[in-house]
Amino acid sequence: MMHTHQIPHRAEDLHNRLLQLFQDKALLLSAEQLQAIRASLDQVVNYHATVGVLGKTGAGKSALCNALFGKDVAEVSDIDACTRAPQEITLALKQGKGISLIDMPGVGESEQRDAEYAALYRRLLPELDLVLWVIKGDDRALSVDQRFYHTVVLPLLQAGSLPVVFVISQVDKIEPFREWDWKQNRPGPCQTRNIDAKLTALHRTFGIARSQLCAVSAEEAYGLVELVETIVSTLPDEKKWSFTREARQDTVSAQARQVSEQGLWETIKGRVAEVLQDGWERVSVAVGGLVERWFRLHR
C-alpha cells in the first residue's frame with residue numbers, strides 16, 4: 001500500500017517560522033537585509049528539484065517513479081513502450097514549487113527512435129539536478145545502455161557536476177527468482193549473491209563507483225530506503241531536502257532525513273551569512289536553535 005505524506009506544509013511552515021525569527025526587532029536587521037534573506041529562504045526551502053529517470057525501454061523507470069513518490073505518477077505497461085516523449089510529473093507545493101520527475105523515453109526501441117532520443121537527452125540533461133539510470137536486473141544485453149551512457153550521458157557529466165545513481169530494477173526476477181523470501185520480502189541466499197555479482201559487473205562495465213549502484217524491486221518495495229539514502233548522499237547540500245521532502249516517507253530513513261536536514265541547515269547558514277556578513281555570528285545561535293527544535297518536532 002502506498003502512503004501519502006504531509007511534507008509540503010512542513011516546508012511552508014519552516015519558511016514562515018524562519019522569516020518570523022529574522023523579522024524580530026531585537027536582531028536589528030535592515031529592510032534590505034530582510035528582503036535578501038526572504039529571497040534566499042524561499043529559494044532554499046522551496047527548491048524545485050528536477051530528476052531525470054533514464055534507461056532502456058522496459059527497465060521499470062515508470063514503476064520506480066511511482067514507488068518512490070507514492071502515487072501512480074507515471075504510466076506503466078507490460079507490453080508497450082509507454083514513454084515516447086518525456087513525461088514531466090510535478091509534485092507541486094505552493095506556487096508550483098516541489099519536485100519534477102522527467103520520465104525519459106526508454107532507449108533500445110529502434111535505431112530511428114534512439115537517434116531522436118540521443119538528441120533529446122543531450123538537450124535535457126544539463127537542466128537536471130539528478131539522473132537515475134535504470135537497468136533491469138535480469139537484462140544481460142547492455143550494449144544499448146553502454147552506448148548511450150558513454151556517448152551521450154558521460155560527456156555531459158564530465159562537463160558539469162550532474163550526479164548519477166544507477167538503479168538495478170526488478171531484482172526479484174534475478175535467478176533463482178523462486179528463491180525470493182516472500183515473508184521477509186528479500187532475496188534468498190543465491191539471489192543475493194547473484195545480485196551482488198550483477199552490481200560488480202555493472203561497476204566494471206560502466207566504470208562507476210559501487211556507491212552509485214542500488215538494487216531495488218519497485219513492485220515489492222525492496223531496496224527503496226537504501227536508494228533514497230544513496231540519492232541524498234549523492235546530491236549537493238542545497239538539493240537534498242527537496243528530494244526527501246517529496247519522497248514517500250516510508251522510504252526515508254532516519255539517516256536520510258538527518259543528512260537532508262543538515263544539508264538544508266548548512267545551505268541556509270551559508271546564504272544568510274552572505275547577507276549578514278559580520279552580523280551572522282550575532283543571530284546564528286538563535287536561528288540554529290529554532291531549526292533544531294523544528295526538525296526534532298517534525299520527525
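Colleague: How do the residues lining the largest cavity divide by class?

Modeller: There are eight nonpolar residues, no polar ones and no charged ones. Nonpolar means Ala, Val, Leu, Ile, Met, Phe, Trp, Tyr, Cys and Pro; Asp, Glu, Lys and Arg are charged, and the others, Gly among them, are polar. This is a predicted model, so local features need pLDDT of at least 70 and side-chain atom pairs 80 or more, while totals for chains, interfaces and linings use all residues. Numbering starts from 1 along each chain as its sequence is written, and side-chain values use heavy atoms, without hydrogens or water.

Colleague: Which residues line that largest cavity?

Modeller: Val51, Val53, Leu64, Cys65, Leu68, Phe69, Leu101 and Leu132. On a 1 Å grid over the protein atoms alone, a cavity is a set of points where a 1.4 Å probe fits but cannot get out; lining residues have an atom within 4 Å of a point.

Colleague: Which element gives the most to that lining?

Modeller: Helix 3, with four residues. Strand 1 (49-55) and helix 3 (61-69) are the elements that give two or more residues to the lining of the largest cavity. Helices (H or I, at least four residues) and strands (E, at least two) are DSSP runs, numbered from the N terminus.

Colleague: On to helices. At what angle do helix 2 and helix 9 pack?

Modeller: At about 160 degrees, with their axes 10 Å apart. Helix 2 covers residues 31-45 and helix 9 covers residues 254-276. That angle makes helix 2 roughly antiparallel to helix 9. Axes are fitted to C-alpha atoms over the stretch in contact, with angles from 0 to 180 degrees between N-to-C directions. Roughly antiparallel is over 145 degrees, and roughly parallel is under 35.

Colleague: Which residues make the contact of helix 2 and helix 9?

Modeller: From helix 2, Gln33, Ala36, Ile37, Ser40, Leu41, Gln43, Val44 and Val45. From helix 9, Leu264, Thr267, Ile268, Arg271, Val272, Val275 and Leu276. Contact means heavy atoms within 4.5 Å. By class, the contact of helix 2 with helix 9 has 10 nonpolar, four polar and one charged residues.

Colleague: How does helix 7 sit against helix 9, parallel or antiparallel?

Modeller: Helix 7 and helix 9 pack at about 20 degrees, with axes 9 Å apart. They are therefore roughly parallel to each other. Val228, Glu229 and Val232 of helix 7 make the contact with Gln255, Ala256, Val259 and Ser260 of helix 9. That contact has four nonpolar, two polar and one charged residues.

Colleague: What about helix 7 and helix 8? At what angle do they cross?

Modeller: Roughly 155 degrees, and the axes come within 8 Å. Helix 7 is therefore roughly antiparallel to helix 8. Val228, Ile231, Val232 and Ser233 in helix 7 (residues 224-234) meet Lys240, Phe243 and Thr244 in helix 8 (residues 237-246). The contact of helix 7 with helix 8 has four nonpolar, two polar and one charged residues.

Colleague: Now the backbone. Is the peptide bond from Glu175 to Pro176 cis or trans?

Modeller: The bond is cis, with omega near -10 degrees. Pro176 is in the loop between strand 5 (164-169) and helix 6 (189-206).

Colleague: What about the phi of Asn185, positive or negative?

Modeller: Positive, about 55 degrees, although Asn185 is not a glycine. Asn185 is found in the loop between strand 5 and helix 6. In general, most residues other than glycine have a negative phi, and most peptide bonds are trans.

Key. Angles under 35 degrees count as roughly parallel, over 145 as roughly antiparallel, 65 to 115 as roughly perpendicular and the rest as oblique. On a 1 Å grid over the protein atoms alone, a cavity is a set of points where a 1.4 Å probe fits but cannot get out, and a pocket is an open set with protein on both sides within 12 Å along at least five of seven lines; lining residues have an atom within 4 Å of a point.
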